Amino acid sequence: MSCSLDIFGDKWSLLIIRDLIFGNKCTYNDFLKSAEGVATNILATRLKDLEENGIIEKSAHPDSKAKKLYRLTPKGMDLLPILMEVYVWSEKYYEVPADLKATIKEAKKDKDKFIKQVMKELKSK
């Protein structure tokens, strides 16, 4: 567990992964605009670490040479069930936004089906 948490277990890495899965975010500036307010140096470090560990990959942006696009690798996509369990646990003990509550409710109906659907969407991006 310790080795895995070293790669994706800090708050900012998990939030980047969350934003790639559920937030439709894929650029550095997209991540900066997240409500949690990550500092630029931390964001740059986490993106680099996630890329070096094969969780995300970076590619050229079609509209700007200055921008990069980030997306989850298959290794990163495999973290989806873990994030869903964290969401289910969070909803049990804490107040969550209504839109997230609806997503969690949908996922709890049939977790396997929900995860397969989200994975299919992620792979098509």
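Student: How much space lies in the second largest pocket?

Tutor: First, remember that this is a predicted model. Rolling a probe the size of a water molecule over the atoms shows where empty space is left. Here, the second largest pocket holds about 220 Å³ of space.

Student: Which element gives the most to the lining of the second largest pocket?

Tutor: Strand 2, residues 68–72, with four residues. The lining includes L69, Y70, R71 and L72. Also among the lining residues are L20, C26 and M77. By class, seven are nonpolar, two polar and three charged.

Student: What about the largest pocket: how much space lies there?

Tutor: About 580 Å³. Its lining has 24 residues, and L15, R18, E36, Y87 and L100 lie nearest the centre. Helix 2 (11–22), helix 6 and helix 7 each give two or more residues to this lining. Helix 2 gives the most, six. The lining divides into 13 nonpolar, four polar and seven charged residues.

Student: At what angle do helix 6 and helix 7 pack?

Tutor: Helix 6 spans residues 80–93 and helix 7 spans residues 98–109. Their angle is about 115 degrees, and their axes are 10 Å apart. The two helices are therefore roughly perpendicular to each other. Helix 6 passes helix 7 in a left-handed crossing.

Student: Which residues meet there?

Tutor: From helix 6, look for M84, Y87, V88 and E91. They meet L100, K101, I104, A107 and K108 of helix 7. The residues of this contact are six nonpolar, no polar and three charged. Find Y87 and L100 again: both also lie among the residues nearest the centre of the largest pocket.

Key. Residues are numbered from 1 along each chain as its sequence is written. This is a predicted model: local features need pLDDT of at least 70, side-chain atom pairs count only at pLDDT 80 or more; totals for chains, interfaces and linings use all residues. Side-chain values use heavy atoms; hydrogens and water are left out. Axes are lines fitted to C-alpha atoms, for helices over the stretch in contact, and angles run from 0 to 180 degrees between N-to-C directions. Angles under 35 degrees count as roughly parallel, over 145 as roughly antiparallel, 65 to 115 as roughly perpendicular and the rest as oblique. A crossing is left-handed if the near helix is turned anticlockwise from the far one by less than a right angle, and right-handed if clockwise. Contact means heavy atoms within 4.5 Å. Ala, Val, Leu, Ile, Met, Phe, Trp, Tyr, Cys and Pro count as nonpolar, Asp, Glu, Lys and Arg as charged, and the others, Gly among them, as polar. On a 1 Å grid over the protein atoms alone, a cavity is a set of points where a 1.4 Å probe fits but cannot get out, and a pocket is an open set with protein on both sides within 12 Å along at least five of seven lines; lining residues have an atom within 4 Å of a point. Grid points are joined across faces, edges and corners, and a volume is the space filled by probe spheres set on the points.
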